[in-house]
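Here is a short briefing to read with the structure open beside you.

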Amino acid sequence: MKKSVWFLCILIVLSMVLSACGAQATEAPAPAEKFRVAVVMPSAINDLAFSQSMYDALVRVQTEMGGPDAFEFVYSDGMFVVDDAAAAIRDYATQGYNLVIAHGSQYGSSLQEIAPDFPNTSFAWGTTVDTFGQPNIFAYEAASQEGGYINGVLAATLSQSKVIGVVGPIETGDAKLYVDGFKAGVAATDPSVQVNVNYIGSFSDVALASEAATTHISAGADVLTGTAQMVVGAIGKAEEADALWFGTQSNQTSLAPSIVVASQVYHWEVILNEMIGLIKSGTLGGRSFTANLANGGEVMEYNPDYALPADAKSLADKTVQGIIDGTIKISLP
Amino acid sequence: MIQDLFSVTVLIGILASGIRLATPYLYAAIGETFSQRSGVLNLGVEGQMLLGAFAAFYVSLRTGNLWLGLLTAMLVGAVMGLAMAYVTVNLQAQQGISGIGFYLFGLGMSDLLFQKLMPTVETIRGFPRIYIPGLSDIPGIGEIFFSQNILVYSAYLLVPVAWFVLNKTTLGLKIRAVGENPDAADSLGVSVARVRYFTIILGGTLSGIAGASLSIALLNVFQQNMTSGAGFIAVALVYFGAWRPIGVLGGALLFSMVNALQLWVQVLNIPIEPEIAVMMPYVLTILVLVATVSRVRAPSALTKPFEREN
Amino acid sequence: MSALKNKLQSEWISRFIDSLLPVFATLAALLIGAVMLLFLRVNPIEAYAALWDGAFGSPNAFAETLVKATPLLLVALGICISFRGDVINIGGEGQMIVGAVFATWVGLTFTNLPGWLVIVLALLAGFAGGAVWGGIPGLLKAYFRVNEILSTVMMNAIAVQLMNFLLRGPMIDPSQAQLASKIPQTAPLLDIFRLPRLVPTRLHLGALIAVILAVLVYILLWRTTLGYRIRAVGQNPNAARYAGIKVQRYVVLALLLSGAFSGLAGATQVYGVNYRMITDGSASGFTGSAGFNGIVAALFGQLHPVWSIPASILFGALLVGANKMQRVVQVPSALVIALNGLVVVFVVSSEIWRRRRQRQRLAVGGMEEEPPPPHEKAGQAEAGT
């Protein structure tokens, strides 16, 4: 009994201290010239996939613009709950950030609700093309079918067994674009190559993704690819079986330096820089951007340790050029 | 197409995949079997697995010693088990709920450590496959049963060991007595608290190994929330197996084989929506249980805290 | 006379302290969290000030807390029923999803009906959807002896796949269906179908509905034959059977009702918060793990529907505040989840002091106790065998 009274007193004091502090907590106004960005994203900043691609881009923009004094950014990671993300977006907008990025297609409806309340704040939403016709929303997306297409061309060229395996999460969004582009690239290069696609129904089940890769290999695949953060286990299976791997979203070479041929890497900073320029000149939104091979928002990064045959490399380069100048059209289902 | 499913390649593929996929379930579910047999429901398995997976991976990555990684995973699991034991035995907390707490703690903590200690996802060389001389050369069978890694083999060895301990030793007798009738066990001089501490810590240790079997033996990578619900499946499999190690083995294999089958269904381009295919193991596990109405009763004292009558 | 008065008074104080126990336990967990924050080189006082500010600092913040608490309370109400009936329903996540799917279908189909009617129909549909997803494990348990922990875990996974399939397939937003990157979401609900907001914040009518239902569930459990029978089966199925109660029927009902409330929680999330269904591929992306956290809230409220109201608010405040803390001091949100887990462990552990004090009061001949401690009923996973 005595103990609990003692305990109670401490807690009451503690809670009073806390509430007192709460009253004092104020946001320091930022110096006018500093550009402030807040980003809300669905997974961890080191997922080697979608979220990390944005985090890395922000770090690069910060370096280019001259460090934290010129460009400050804050983030909320792991905001897979749409409702929590909405609260975060609104809160960052309230705190006067110049640009609030909602990095996930599932955040669109929330943004549509929130943006009109903060006409002086700029918002960005990806990956999509829809700005909802609002003057302070930018939309951005990655033409992941383009890098997918290049990967597909290379995969079809390098496959000996003429069977290729694809591991994906759910058949939607960025993953769907990439996979459809990949299939188109394979079909355009060698229609006799069989592409087997496996959507495992989860963005987190690493075990199932890697067993899906094993299944592809058993079914004869000697080249694999996959998208989203749970494929990191699949790359290891490809390495074990000496099958080739093509990456997307982030550069995945470090995971298996002997078998990763190339990765399509998103360089969102190309788009971010454009947005920042527009915001500084007074345009807060209303435009949509696409990161693609032409504007450098997507870059094919090759693994220097993998001996890619010269003719395959030149075919890939030619395809990149074709996509850039429009002579190659990728038709998606 | 559908007739492609009935080929030797597919059969071997399903069996080999199933055996691998079942490995983490086996460790975790056998551990859970021990704690449930002593009357404790531990819903925190998933959290213990995640922390075990991270600990094993990180220590192996930094020291290059897989055994040290495995040992750390066991220790981390055991410490989580110790905490769970204190909360359930001494503080007599509602077991289902405290388990959810430990799950959330493990989920958050493993992710936090991952983000703070590692700049990005990395891979390691995990436990290699061990090809059992002679046997691994048998076509089909060899690939399925005799070319897996050490943690896969030991998961299956664990099943008869667990059966033996539970049914043929004094310790097992004590565990069962504590789970069925703690008052009687207590009056016969068995320390209910000590037995439950033992089983919960054992369960935690095995869950730690379950996590390690993913991160340093089967997948050789750590990613946030990588177990993706496997800990909860493991708890469900204990019910499926009616609290017997052999039943748990059956459940784990059934679930995993069907999961492997659905991967093949998609790979062979059989026209089924992927989501429907992914549902198959879950649906079938329930259906099999419906078809084989079990007569086995749960341990009577399951989820009930024990307190000595004064 | 005055002796009795004194006794009543000390009784009241004692109960008051009991009801604050979860708060103390939460603060104790936050003390451990403070150590973790120090390791992350964050000032815990600044962090917790932000937490407080995010949960209670302004009318808007408090409204957010209540919005978060609403699905927790609805799920908790269902949990009160099922745990009282001695069934452990951990299928809240799946039941929320199916309830939301049913409700969304109503809103997308009957677009020419008046708004109020669609809202009523949708909430009923959500209730029904959850009832179906809870009723199946109920039937399986009562008639096929399939343990409900197993079936609800499996059905959570099935519900996620069902949602993913429907949202990228038959129920997809027509404007998304035309795009190459098909975002898995339904069309938005018409504006007139939105649950009315109570004050100029995001607080919606669902919160009020949940509070009213809390009282109704209390009446159901303690003032009706149905409730009495559910509790009787929960306390001692054999005795209930001898008393002529059809045990199996009440096992099914307990799970069915429990699922129905979770389904309603899913429906209010769609009609009060998101105005459409979106999936990120996981259950918690939609539910915010309310299907699990609702269980915790119910236990915080000692499995009493009315006490579950403050318990849900406390828990909602913690979740909302912790997210704010994440933003202000810039720690990974994983810390928020770990902290959440610590709070759950501490609160559920603190129950022992309440039970001890309760026993002391009984020993000195105190007043009749109302709800008996939860674990005395939530035992025996195999009721009705």
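In this predicted model, helix α1 (residues 8–37) of chain B packs against helix α6 (residues 150–168) of chain B at an angle of about 25 degrees, and their axes are 9 Å apart. Because angles under 35 degrees count as roughly parallel, α1(B) is roughly parallel to α6(B).

**The helix pair in chain B**
- The crossing of α1(B) and α6(B) is left-handed.
- On the α1(B) side, the residues that meet α6(B) are I19(B), R20(B), T23(B), L26(B), Y27(B), I30(B), T33(B) and R37(B).
- From α6(B), the partners are L151(B), V152(B), A155(B), L158(B), V159(B), A162(B) and L166(B).
- By class, this contact of α1(B) with α6(B) has 11 nonpolar, two polar and two charged residues.

**Chain B with chain C**
- This contact draws 46 residues from chain B and 42 residues from chain C.
- On the chain B side, α4 (95–117), α10 (230–240) and α12 (274–291) each supply at least two residues.
- The most come from α4(B), with 15 residues.
- The side of chain B that touches chain C divides into 30 nonpolar, 11 polar and five charged residues.

**Chain C with chain A**
- Here, 40 residues of chain C are in contact with 45 residues of chain A.
- Elements of chain C that give two or more residues to this side include α1 (2–39), α6 (148–168) and α11 (247–274).
- α2(C) gives the most to the side of chain C that touches chain A, with six residues.
- That side of chain C holds 18 nonpolar, 14 polar and eight charged residues.

Notes
Residues are numbered from 1 along each chain as its sequence is written. Chains are lettered from A and ligands numbered from 1 in the order in which they are written. This is a predicted model: local features need pLDDT of at least 70, side-chain atom pairs count only at pLDDT 80 or more; totals for chains, interfaces and linings use all residues. Two residues are in contact if their C-beta atoms, placed from the backbone, lie within 7 Å. Helices (H or I, at least four residues) and strands (E, at least two) are DSSP runs, numbered from the N terminus. Ala, Val, Leu, Ile, Met, Phe, Trp, Tyr, Cys and Pro count as nonpolar, Asp, Glu, Lys and Arg as charged, and the others, Gly among them, as polar. Axes are lines fitted to C-alpha atoms, for helices over the stretch in contact, and angles run from 0 to 180 degrees between N-to-C directions. Angles under 35 degrees count as roughly parallel, over 145 as roughly antiparallel, 65 to 115 as roughly perpendicular and the rest as oblique. A crossing is left-handed if the near helix is turned anticlockwise from the far one by less than a right angle, and right-handed if clockwise.
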